[in-house]
Amino acid sequence: MNDVPVLSVINLQSRHDGALKLSDVSLHVAQKELVSILGANGAGKTSLLGVISGLFKPSAGEVQLEGRSITALPAHEIAKAGVGFAPQNHPIFPSLTVDECLALGAGNAKLETFVLFPNLKIKRNQLAGFLSGGERQMLSMAIAMLNSPKICIFDEPSSGLAPRIVSQVFEAIRVIVDNGVTVLMVEQNARTALKIADRAYVMEHGRITMSGKAAELAENDHIRRAYLGL
Amino acid sequence: MQLFLQQAINGVMLGGMFSLMSIGLTMMFGIMKTANFAYGALYMIGGYAAFWASSLLGTPYWLSLLIAFVVGFGMGIAVEVIGFRRFRGNEDATLVFGLGVALVARGGSVLAWGSQTRYIPTSFAAYHLGPFILPSARIWAALASVVIVLAVYLIVVRTKWGRVIRAVADNSERAQLVGFDTSFQYALVAGLATGLSAVACVFLIPVFSLSPTVDDSALYTAMTIVILGGLGSIVGCGAGGFIIGVVTAFSFGYLNSTIAPMVPLLLLLIVLAVRPEGLFGRRERAV
Amino acid sequence: MSSMIQTAPKNWVNTACLLNRLGAIALIVSLVAAPLIASNQYYLNVLVLMALNATLATGLAIVVRAGRLSLAQATFSGIGGYTSGLLVMKLGMDYWPALLLAGMFAAVVGVLLGLTSLRLRGFYFAIATFTFSQLVIIILRAWTPVTGGMSGMFGLPVPPDILGISFLNARNYYYLALFAAALSVSASYACSAGTRFGRGLTVLGEDEVLARALGVPATRYRLYAFAISSFIGGVAGSLSAHFIQGISPSDIQPIASVFVVVMVMAGGANMLLGPIVGAVVMTAVPELLRASAQWSMVFYGLFLLAYVFFFQNGLLPLLQKAVYRIFNITVIRPEYSIAAIDRPAAYPTRRTAPVAGNIAHLQFGKMQCNYGNLAVLQEIDWKIENGCINGLIGPNGAGKTTFFNVVTGVAPLSGGRMLWKGEAIVPTPESMARRGVARTFQHARILENHTVFEAISLGAELPGSKPEPARLEWLISKLKLQSIRDVRSGGLTHYQKRLVSIGMAMASDCEVLLLDEPLAGLDDTETDELTQIILDLHQAAHNTVLLIEHKLSVIMRICSHLTVLDQGRIIAQGAPKAVASNEDVIRAYLGDE
């Protein structure tokens, strides 16, 4: 069994417009794990993913993929190295059809996607811009998996979706992990995220404040307090 | 009646070449969101490249065309890498950069090559079809233009690279996250766009001749076509090209040559006032 | 507060002021004295041309500062020249009234052009003006019986003597042109810092969204700007035509309008005397170098490139910065005189504490907001409690900011009703600002080029009330901005910018204050401080506050009412404690159990 974590984040610090977004953030994701990052809006979760994926450069710290430093690489190189990132609000390519979006990857990516998301197979010739919210999220996740990445990163996969669709999305994520893909997921929807994740980290104001096995964190009162201020 | 048909034929041929002239501009708008004010100037220099190749090196017509394309391609990449890339997102700076390049190119061309009009000799004769005169250079140029525009359309719509380019145009950030080097793609598109415009310039030499002032009319004709058709739409570019070609031919055929240029301009102003997004363009959401 | 506060020593401000004034005086003196040095006929002609270019460029700068780049200024000068030429030659009018009419006709055409291109911005607008200039040239070329066609008009008479001063003398003409330039500068001043209209126009050019939120009537102001700018263009053109004693379409090729743009940008559009410096440099240098038309073109092109690569604000600001650096001054831009007064004990407001039973300022009945086919907000029934801090929370994408946008008239009211003080209304940004609704934005919108004091003062003035110094001072000291009141807002920290944006919103003594995530990106200390400030401000002003926030501990602490939005609908409303234990709310945040 390989000991090197698929993804390691080491002492990351990042600023935007002068404001401190991340201070001293460290975490890791081991192979075939589903790790979730929880936290309220503004906690820095999206900033963290932005740095990992290469869209922003940190002011200090390092990001490693299977032990190899990727911090200095441009975003498209990081993607080719094996990071499949699906940003928030499911951005897709509205003027391409579902089929064309999937054809951006290697040949068998399309087949695998249709097995995982049969809905998308039905809609394969529809323009991506006209899909429903849930379908767009599925497509966005599929796009993140196009190049058989070493790790998939999903940013708030449930945001803006009706509760019924949310459970479908989380089911799909669990299936993806069961098929051997490593996943890092940022979620505001803490209870459900903790039900399907193996481990979790909690972020507040740009720092990691708690971490541990998902089952243990789910019992924790502080989580409830942190979200509702009770 | 004869005048009508002759102008109709002229208009259609002109339209094909106009489409080729404008396709680069619309591609830069659509894919790179760049308003390239240097387009006319680079178009003109591409034409000069062909002229000098032909007159100094004696290259045959097809080779001069190729040289024009290559020179245009190089210039396109240069302006993208040196300027437009840097000012992406800043509309005003993009505009000013384009204007600056256009001024330097225009002034420089006159200083270097003089302002007299030039022609590239072709060995084509004219066909006579009944009462109509069809200069064969124009026919071949028009046909070639249509073929090229069609080819570009098919490439963009059917090939893998076309999909990549459309993805980059839709959402360049997400395209990066799928592993595509958007900077490289932008440079490629800029090169292609400028190269094609250079070829169009050579095709249009028999119609408009070649001189340093050609950049102005090329720029505003291309702008008219692109806005009429809808920024970024290749189909719109084709439609717009033919509409403007026919309108131009009829205006020059029926009105005196001082007033005739007014018609396409009025058309453009009306389009801007009434439906700025053009025939096939997408309306921007004003949030 | 952090140690990053930039203090602005009094003597810096005074020195900077002094330097600015000296510079202006130096420029004026050299312009007036120029004919004494350059006294031969050729140079005098160049000077006249330069002065008229300065007039033209100053006029164009008015429109550029309002946020639109026009490529038609030379065309308006041509219209002016042809108009006065025709009036004098064909109708036998006296020159001076003809000059005035030339300007007015140009202004009318300018307004027409403005009306057709109202919806256009940036590139599209530039193209529209460019097309217009081509059209005018074609008309001038074609309408031979009136305009003389391609060859134009010649033999235009020089203006008649005034008080014995003959304008056949180039030197006198130069002073006439200089006078026109001075008037142009005064107009430019009135369209910037000098009048309320001008200040609104400037803000419109800097940040249109913020300007409209502050109540600036964007369309109307822009049309005024076009009218004034084209009037100036027409006058300059007439003076030019009657100096050269002829005019033809080739004088106003589209490239000529581009040259005017180059002059404006070269000198600096944002400084009053910038275009003058630009005109001097761009006219004099090619002349001194005896440059041909082509070399001039290359020179202008290179200048534009240098501008866009190296010094994006123009030569005058560059010069100013260099001089400041010699005197060791940074970040100052003193345009208003600074006279701090003692802080009044209480916030000056017309309002008193709200009485229960007062008609709610804002009420919504089944309000709906659609973007295309998508319903972003639906079934919003809400009677907002007067005089309270009302919290608005919900997950990402729930529609909270869209709700603010509907209140301020930026997002469409697609269905249902919105009531202001009991009356059904259709909100627009200007009308809501005038009614007393002020807001802050998720990404702090402040006026980066203005000082803190100027920005807050504009926040009071633009929605329509007179800026009361007492209230402004109270706000500045309450927001702890005294030490940075004369610092350029663009150089402030993230937290300081937030404070300024709140100051701008409160400066007009608003009835309803909309705060959109004011605490985002702040650390713990700053969060506590700003929360206390928001509380204090509210208590003093007795206004109605709507607060969107994600820091729920803060919400629970300061809000007396809480509304929860999820996917465009209200899922809970009431007292914070009750709302927080609501099952639906828990599910929206923490997911299904």
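Predicted model: local features only at pLDDT ≥ 70, side-chain atom pairs only at ≥ 80, totals over all residues.
**Chain C, burial.** I started with burial in chain C: 51% of its 593 residues count as buried, meaning that 20 or more other C-beta atoms lie within 10 Å of the residue's own, with C-beta atoms placed from the backbone. Residues are numbered from 1 along each chain as its sequence is written, while chains are lettered from A and ligands numbered from 1 in the order in which they are written.

**Chain C, overall.** I looked up the secondary structure next and got 23 helices and twelve strands for chain C. Helices here are DSSP runs of H or I with at least four residues, strands are runs of E with at least two, and both are numbered from the N terminus. The C-alpha trace of chain C spans about 90 × 55 × 40 Å along its principal axes.

**Chain C, domains.** I find domain 1 at 8-325 and domain 2 at 362-590 in chain C; the bounds come from an automatic or database domain assignment. Taken over C-alpha atoms, the centres of these two domains of chain C are 42 Å apart. Their contact takes 17 residues from domain 1 and 18 residues from domain 2, where contact means C-beta atoms, placed from the backbone, within 7 Å. On the domain 1 side, α8 (196-206) and α9 (208-213) of chain C each give two or more residues. The largest share of that side, five residues, is from α8(C).

**Chain C against chain B.** I then checked where the chains touch: 33 residues of chain C are in contact with 33 residues of chain B. On the chain C side, α5 (122-142), α11 (254-267) and α13 (293-309) are the elements giving two or more residues. The largest share is from α5(C), with 14 residues. I sorted the chain C side into 24 nonpolar, seven polar and two charged residues. Nonpolar covers Ala, Val, Leu, Ile, Met, Phe, Trp, Tyr, Cys and Pro; charged is Asp, Glu, Lys and Arg; the others, Gly among them, are polar.

**Chain B.** I count eleven helices and two strands in chain B. Buried residues make up 55% of its 287 residues. The radius of gyration of chain B is 19 Å, which agrees with a compact globule of 287 residues, as that would have one near 19 Å; the radius is taken over C-alpha atoms, and the globule rule is 2.2 Å times the number of residues to the power 0.38.

Terms used:
Buried ≥ 20, exposed ≤ 12 C-beta atoms within 10 Å, placed from the backbone. Contact = placed C-beta atoms within 7 Å.
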